[in-house]
Amino acid sequence: MQEEIKALIQNRTWDLVPRPPTANIVGSKWVFKTKLKEDGTIYGYKARLVAQGFSQIPGLDFGETFSPVIKHTTIRLILSLAVTLGWTMRQLDVKNAFLHGFLKEEVFMEQPLGFINENLPNHVCKLKLLSLWP
């Protein structure tokens with residue numbers, strides 16, 4: 001959880017702002033995963049902070065949704081290039097994913113449990129929707 005919060009803060013994922021009286025504030029939730037090796041033994045644990053977007057109201061809080069994902073053809077192209085050009089192949093483990101894009105709406109999220117700012121306990125996180133990779 002400490003690693004995840006550190007990365008979110010470093011990437012300036014949100015600003016703490018006073019709670020807007022009329023805005024819909026989405027909750028936040030910690031999701032935990034046990035990372036396993038091929039033989040089934042544990043090699044680590046992962047904590048991810050997620051916004052509980054199910055509480056958003058379509059047409060009011062957002063107009064459309066889009067989640068960019070990598071396409072199989074892109075993976076095949078990269079693998080083909082690696083073989084053709086003799087590139088060294090390594091495993092990639094993405095540690096953090098951040099919001100990246102433009103959105104017309106303002107999105108407010110509750111502060112994450114266990115990491116509520118002591119000086120601003122009633123403030124909420126105003127998500128910045130153009131966070132760049134470090």
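Two strands are taken to pair if DSSP finds at least two bridges between them. By that criterion β2 and β3 are paired, for they are joined in the antiparallel sense over 10 bridges. The model in which this pairing occurs is a predicted one, and the paragraphs below proceed from its overall plan to individual residues.

The protein chain contains 2 helices and 5 strands. Followed along the sequence, these elements give the pattern α-β-β-β-α-β-β. The chain has 134 residues, of which 25% count as buried. Among the contacts in the chain with a separation of 6 or more, 68% are between residues 24 or more positions apart.

The 5 strands form an open sheet with mixed pairing, in the order β1-β5-β4-β2-β3. Its edge strands are β1, residues 14-17, and β3, residues 42-52, each of which pairs on one side only. Helix α1, formed by residues 2-10, packs on this sheet and touches β1, β2 (25-36) and β3; the direction of α1 makes about 50 degrees with that of β3.

At one end of the strand order, β1 pairs with β5 (residues 124-127) in the antiparallel sense over 4 bridges. Two of the residue pairs can be named: V17 has V124 as its bridge partner in β5, and D15 has K126. Strand β5 also runs antiparallel to β4, to which it is joined by 2 bridges. Here M109 has C125 as its bridge partner in β5.

At the other end of the order, β2 and β3 form a hairpin with 5 residues between them, and G40 in the turn has a positive phi of about 95 degrees. Within this pair of strands, T34 finds its bridge partner in Y45 of β3. The residue G44 also lies in strand β3. Is G44 buried or exposed? Its relative accessibility is 18%, and G44 therefore counts as buried, the cut-off being under 20%. Beyond its neighbours within four places in sequence, G44 is in contact with K33, T34 and K35. The C-alpha atoms of G44 and K33 are 8.7 Å apart in space, and the two residues are 11 residues apart in sequence.

Helix α2 spans residues 72-85; its 14 residues reach 20 Å from the first C-alpha to the last, close to the 20 Å expected at 1.5 Å a residue. Just after α2, G86 takes a positive phi of about 70 degrees.

The interior may be considered next. In soluble globular proteins, nonpolar side chains tend to be buried together. In this model the largest nonpolar core has 11 residues, namely I5, L8, W14, V26, W30, A47, L49, V107, M109, C125 and L127. At least two residues of this core come from each of α1, β2, β3 and β5. W14, one of the core residues, touches I5, L8, L49, M109, P112, C125, K126, L127 and K128 when residues up to four places away in sequence are not counted.

With a relative accessibility of 29%, K126 counts as partly exposed. Which side chain does the side chain of K126 meet in a polar contact? The partner is the side chain of E106, at 3.0 Å. Apart from neighbours within four places in sequence, K126 is in contact with T13, W14, D15, V17, E106, V107 and F108. The C-alpha atoms of K126 and M109 are separated by 6.5 Å, although these residues are 17 residues apart along the chain.

Because its relative accessibility is 7%, Q111 counts as buried. Its side chain approaches the backbone at two places: a polar atom of the Q111 side chain lies 2.7 Å from the backbone nitrogen of N117, and the side chain of Q111 reaches the backbone oxygen of L120 at 2.8 Å. Neighbours within four places in sequence aside, the contacts of Q111 are L16, S28, I116, N117, L120, P121, H123 and C125. Among these, C125 is also a member of the largest nonpolar core and the bridge partner of M109.

Key:
Residues are numbered from 1 along each chain as its sequence is written. This is a predicted model: local features need pLDDT of at least 70, side-chain atom pairs count only at pLDDT 80 or more; totals for chains, interfaces and linings use all residues. Side-chain values use heavy atoms; hydrogens and water are left out. Contact means heavy atoms within 4.5 Å. Axes are lines fitted to C-alpha atoms, for helices over the stretch in contact, and angles run from 0 to 180 degrees between N-to-C directions. The expected span of a helix is 1.5 Å times one less than its number of residues. Buried means under 20% relative accessible area, exposed over 50%, partly exposed in between (1.4 Å probe, protein chains only). A polar contact is a pair of N or O atoms within 3.5 Å; within protein, one must be able to donate a hydrogen and the other to accept it, and residues adjacent in sequence count only if both atoms are side-chain atoms. A nonpolar core is a set of buried Ala, Val, Leu, Ile, Met, Phe, Trp, Tyr and Cys residues joined through side-chain atoms within 4.5 Å.
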